[in-house]
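Colleague: I have a structure to go through before I plan my reading of it. Could you take my questions one at a time?

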Amino acid sequence: MATMLLLTFLISSLIMVTVGLAIDSMEILRLGIDGQLSVDPSDVETASLDFGLLTRGQPLAVLHPVSAQDISQVVKAVYGSNQVMTVSARGHGHSINGQAQTTNGVVIQMSRWKGGNKPPRPRVWAEERYVDVWGGELWIDVLKSTLEYGLAPKSWTDYLYLSVGGTLSNAGISGQAFNHGPQISNVYELDVVTGKGEVLTCSEDENTELFHAVLGGLGQFGIITRARISLEPAPKMVRWIRVLYSNFSAFTSDQEHLISLHAEPSNQKFDYVEGFVIVDEGLINNWRSSLLSPQNPVKISTLFPSGGVLYCLEIAKNFHESTAQTIDQEVEFLLKKLNFISTSVFTTDLLYVDFLDRVHKAELQLRSKGLWEVPHPWLNLFIPSSKIAEFDKGVFKGILGNKTSGPILIYPMNKNKYICPFYTNHSIHAYA
């Protein structure tokens, strides 16, 4: 009790003195927070930074919630005050330009909770094929929970140490998006804390406008505290393939051909289609190019055209023990229709979970070398297929030259998996 009163006094003093909110100790107690509202310097410092390391915003306090009600109480207190104070939700801190930061406000730390109480764990509904998860749950933990039932979400991001609420507030795009749509297209229901502190359930049938505003809404319409995510049977293995192109038109044409097969039976299409640009031979060994190893008999330098740019098509096909006998024929059939450099096929088989979590292994390597906690300028662009050739000429072969050391990812997308009738777009993700 003494500890609670001391914490209450500190929080009350912080809010009244620094922010000027008319909230006394008894009102703080009546908030009934089961989590922790922290002013610990280490918590404040962590919440002041993000993955981008390009900006800094120091909050007054950090809330470690264990329920939607914790968040609701704090948001209501701020909304009902007569002073300007901001609240920002933070997952695993992978925003690039301070989107999850706030100055002179409260950061709600949805992931990395502390103390004895914790938010609810993922609950899998195996027969219905969906899972209910806390908004701060990391996708890697969602995967581990659903795999216990032989199930997995349909659409992913390339990096799994991101929070559910964080990616659903953006889109959640990876190589499966051409087939299943982004992660926001695979959500049945949400619990959301609104800007007034209301806790509302929303879906296609209930509070529909809020549902569509929050999904991909960049956190501007509410804080996601629970998401009901669609599941499918999880494959056991993945055939992971990379092939190289020196001709950009052939590269994009093959990408567009492969995503046009999304309505075909599973044995007549790939499950993952992505790609990246290699503007210098030195990038062969970067974190996106682990299959292009020095042990491969093909000398990569001989493949570089005079313009110094290669394009890598990254594709994958899921399979089980029951289909292992046919995977070779299925892959060969699909590859025959592509126009890549014939000597540049790089293939490996790995467990499904290892394929999904492949970027984390590269992260650990970079951390061991002190190369992870550095600024990460990042740019995402959607480019219509009618303009992608001009973009290649002006940017990949023009502006960039060999002056970038970061990955340049190219995701082909079907618009009919998003909003509009069928067209093809390319999403460009560039890290300088």
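This is a predicted model: local features need pLDDT of at least 70, side-chain atom pairs count only at pLDDT 80 or more; totals for chains, interfaces and linings use all residues.

Colleague: What is the average pLDDT of the protein?

Modeller: Of the residues, 81% score at least 70. The average for the protein is a pLDDT of 84.

Colleague: Is Arg226 buried or exposed?

Modeller: Arg226 lies in strand β10, residues 223-233. Buried means under 20% relative accessible area. Arg226 has 17% relative accessibility, so it counts as buried.

Colleague: Which side chain makes a polar contact with the side chain of Arg226 at 2.6 Å?

Modeller: Beyond four places in sequence, the residues in contact with Arg226 include Asp132, Val133, Glu189 and Asp191. The side chain of Asp191 makes a polar contact with that of Arg226 at 2.7 Å. The polar contact at 2.6 Å is with the side chain of Glu189.

Colleague: Why is one side of β1 and of β3 left without a neighbour in the sheet?

Modeller: The open sheet has 4 strands in the order β1-β2-β4-β3, with mixed pairing. β1 (36-38) and β3 (87-90) each have a single partner strand, so one side of each has no neighbour in the sheet, and both stand at the edges.

Colleague: Which residue of β4 is the bridge partner of Ser88?

Modeller: β3 and β4 (residues 106-109) run parallel and are joined by 4 bridges. In β4, the partner of Ser88 is Val107.

Colleague: Against which elements do the buried residues of α12 pack?

Modeller: Helix α12 covers residues 358-368, and its buried residues are Arg358, Val359, His360, Ala362 and Glu363. After α12 comes Gly370, with a positive phi near 70°. The buried residues of α12 pack against β11 (237-245), β12 (272-278), β13 (310-319) and α11 (352-356).

Colleague: What percentage of the residues of the protein count as buried?

Modeller: The protein has 13 helices and 17 strands. Its accessible surface comes to about 19800 Å², and 53% of that belongs to carbon and sulfur atoms. Among the 432 residues, the share that counts as buried is 53%.

Note on methods
Residues are numbered from 1 along each chain as its sequence is written. Side-chain values use heavy atoms; hydrogens and water are left out. Buried means under 20% relative accessible area, exposed over 50%, partly exposed in between (1.4 Å probe, protein chains only). Helices (H or I, at least four residues) and strands (E, at least two) are DSSP runs, numbered from the N terminus. Contact means heavy atoms within 4.5 Å. pLDDT is the predictor's confidence in each residue, from 0 to 100. Two strands pair if DSSP finds at least two bridges between them. Accessible areas come from the Shrake-Rupley method with a 1.4 Å probe; for residues, only the protein chains shown count as cover. A polar contact is a pair of N or O atoms within 3.5 Å; within protein, one must be able to donate a hydrogen and the other to accept it, and residues adjacent in sequence count only if both atoms are side-chain atoms.
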